[in-house]
Amino acid sequence: MRSLLHILIVIYYTSYHGLAVIFGAALGRSRARLDGHVLAWARGLVNGCGVRVRVIGLTPEPFAKPLLIMLNHRSHFDTPCLTTVTPRVPVFLAKAELRKVPIMGRAMAAFGMIFLDRRDGEKARATLAQAVARIKAGEILVMFPEGSRAKDGHTLGAFKKGGFHLALQSGAPI
């Protein structure tokens with residue numbers, strides 16, 4: 001029963017705030033207003049599903065400048081949890097397949113998330129160049145260096161090299 005409630009919460013917050021981002025971007029709303037919807041989405045999921053987030057030692061200084069955040073991907077809640085604790089809403093480097101998810105994929109694109117086609121090396125390199133430019137422009141970029149979520153939720157997968165190339169080319173700290 002609780003799982004059904006969590007699914008309904010995810011559908012509600014993703015639909016409501018996803019549509020708000022899609023229409024807001026189409027109407028030329030500011031990034032700050034779109035950030036507000038992304039943050040409300042993340043907080044709604046975290047709080048509505050009873051996820052407890054504990055942060056130790058986080059200071060705002062690293063977030064004042066361009067930054068590359070790389071974290072392992074163990075849960076569906078990694079993205080909303082991270083979004084709720086960063087002082088600025090980050091941009092995510094996401095697998096291209098997510099663009100096809102109804103509402104969420106369109107909202108991610110409207111917000112300016114970066115989609116990486118992992119099957120096409122040439123497109124992937126062009127996307128990483130775009131990501132470098134976004135970091136240099138002052139964005140906080142988040143990526144999961146393992147490439148996808150751990151199947152069992154525990155095993156740490158091998159890191160792909162793209163994130164380290166991003167850090168070297170952008171000069172941003174990890």
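**Salt bridges, strand pairing and nonpolar cores**

The backbone nitrogen of alanine 172 lies 3.2 Å from a polar atom of the side chain of serine 170. The serine 170 side chain also reaches the backbone oxygen of leucine 166, at 2.7 Å. A polar contact is here a pair of N or O atoms within 3.5 Å; within protein, one must be able to donate a hydrogen and the other to accept it, and residues adjacent in sequence count only if both atoms are side-chain atoms. The model is predicted: local features need pLDDT of at least 70 and side-chain atom pairs count only at pLDDT 80 or more, whereas totals for chains, interfaces and linings use all residues. Residues are numbered from 1 along each chain as its sequence is written, and side-chain values use heavy atoms, with hydrogens and water left out.

Serine 170 belongs to helix 6 (residues 162–170); helices (H or I, at least four residues) and strands (E, at least two) are DSSP runs, numbered from the N terminus. With a relative accessibility of 13%, serine 170 counts as buried, where buried means under 20% relative accessible area, exposed over 50%, and partly exposed in between (1.4 Å probe, protein chains only). When neighbours within four places in sequence are left aside, serine 170 is in contact with Val132, Ile135 and Lys136, contact meaning heavy atoms within 4.5 Å.

Strand 4 (140–143) is covered on both faces, with Ile140 and Val142 buried on one side and Leu141 and Met143 buried on the other. In a regular strand the side chains alternate between the two faces of the sheet. Strand 4 pairs in the parallel sense with strand 1 (residues 67–70) over four bridges, and leucine 68 stands opposite leucine 141. A parallel pairing over two bridges joins strand 4 to strand 2, with phenylalanine 92 having valine 142 as its bridge partner. Strands are taken to pair if DSSP finds at least two bridges between them.

The largest nonpolar core contains 36 residues, of which Leu68, Ile69, Leu93, Phe111, Leu141 and Leu166 touch the most other members. Helix 5 supplies the largest share of this core, namely five residues. A nonpolar core is a set of buried Ala, Val, Leu, Ile, Met, Phe, Trp, Tyr and Cys residues joined through side-chain atoms within 4.5 Å. Beyond four places in sequence, leucine 141 is in contact with Leu67, Leu68, Ile69, Val91, Leu93, Ile114, Ala131, Ile135 and Leu166. A second, separate core of five residues includes Ile9, Trp41, Ala42 and Leu45. In soluble globular proteins, nonpolar side chains tend to be buried together.

Five salt bridges are present in the structure, a salt bridge being a side-chain nitrogen of Lys or Arg within 4 Å of a carboxyl oxygen of Asp or Glu. One of them joins arginine 31 to glutamate 139, with the closest N and O atoms 3.4 Å apart. Because arginine 31 lies in helix 2 (residues 31–48) and glutamate 139 in the loop between helix 5 (121–136) and strand 4, the pair ties together parts that are 108 residues apart in sequence. Arginine 31 is partly exposed, at 29% relative accessible area, whereas glutamate 139 is buried, at 17%.

Arginine 118 is partly exposed, at 41%, as is glutamate 97, at 33%. The side chains of arginine 119 and aspartate 117 likewise meet in a salt bridge, with an N to O distance of 3.8 Å. Here arginine 119 is exposed, at 68%, while aspartate 117 is buried, at 18%.

Two further buried positions were examined. Valine 89, in the loop between helix 3 (78–85) and strand 2, is buried at 12% relative accessibility. Its contacts beyond four places in sequence are with Arg31, Asp35, Val38, Leu39, Thr83 and Phe111. The C-alpha atoms of valine 89 and isoleucine 140 are separated by 7.7 Å, although the two residues are 51 residues apart along the chain. Glycine 18, in helix 1 (residues 2–26), is buried at 6%. Not counting residues up to four places away in sequence, glycine 18 touches Tyr13, Ile103 and Ala107.
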